[in-house]
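Subject: Structure handover

Dear colleague,

I am passing on the structure below, followed by some notes on what was found in it. Please read them with the model open beside you.

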Amino acid sequence: MLARDEALKVLAAHYTDGITVGVYQSIFDWMQIRPHPLNYLCTGAMGQAASHGLGIAIGAPNEKVVVLDGDGSLLMNLGCLFTIGHAAPENLVHFVIHNRTYEVNGDFPILGSKVLLFEEIARIAGYRHTFVFSEIVEFKLMIKHILELAGPVFVNLHVEPGESYRQDYVAIHSSESRAIFRSALHARLFGHQPENEPSKTSPDYSANEFHQ
Ligand SMILES: Cc1ncc(C[n+]2csc(CCOP(=O)(O)OP(=O)(O)O)c2C)c(N)n1
């Protein structure tokens, strides 16, 4: 079985410095497993992670973009799979963290999620490579190869909840987090900080209230 945080730790070990676009519990875990200014926090935009990831992948074609989607979120915007299949960005790797629940809302079950073959829809939509994992050993064996493939790549991770990571809604909704990402992306693409953007490279997560 795959515990979500174990799977994300495996990904983080191989994907140390690239752009990540994520939603909900996965991005909450990821922010703590791999804190990085190039983490794009788009929680709140349910269903939009892959679309935002596509925009970034097109705008930054020489950078890898990893999307950490939720199954509930992706289900709201299945059409994005066809847009991505058509646009075919080689630098996009789209993970769906398939936990069969709307976890951040209190573990409500997602109807039909058990039978959902996201990877099949992605394949039909035109993703170049698709994978599905439910065992950590197999995921560990394949992750390096997956990150080296020309995309778009789709990876369905069947997970169980792992450790309880804090749900830092203040950080993910803050304008500061967005400014930090913009600034880091600008620096990555152009080799220098933009003017009129904060020079901080990591958010201050100290004084947090948690809300949705
Ligand atoms: C369009 C829209 N509908 C409903 C919500 C409320 N909402 C916030 S998170 C969430 C569940 C997200 O589920 P999933 O994408 O599976 O991620 P998980 O919580 O399991 O990490 C819902 C329903 C929302 N933010 N946007």
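A residue is counted as near a molecule or strand if its C-beta atom, placed from the backbone, lies within 6 Å of it. The model is predicted, so local features need pLDDT of at least 70 and side-chain atom pairs count only at pLDDT 80 or more, while totals for chains, interfaces and linings use all residues. Residues are numbered from 1 along each chain as its sequence is written.

The ligand is surrounded by 16 residues, and the closest are Tyr24, Gln25, Gly70, Gly72 and Ser73. Two or more residues of this shell come from each of α2 (24-33), α4 (71-75) and β6 (101-102), where helices (H or I, at least four residues) and strands (E, at least two) are DSSP runs numbered from the N terminus.

The other notes concern strand β9 (residues 153-160), in which six of the eight residues are buried, that is, with 20 or more other C-beta atoms within 10 Å of their own C-beta, placed from the backbone. Strands are said to pair if DSSP finds at least two bridges between them. Strand β1 (residues 2-3) pairs with β9 in the parallel sense over two bridges, and Ala3 has Glu160 as its bridge partner. Strand β5 (residues 92-98) also runs parallel to β9, joined by six bridges, with Val96 partnered by Asn156. Five bridges link β8 (residues 129-133) to β9, again in the parallel sense, and there Phe131 stands opposite Val155.

Best regards

Definitions and conventions. A residue is buried if 20 or more other C-beta atoms lie within 10 Å of its own, exposed if 12 or fewer, and partly exposed in between; C-beta atoms are placed from the backbone.
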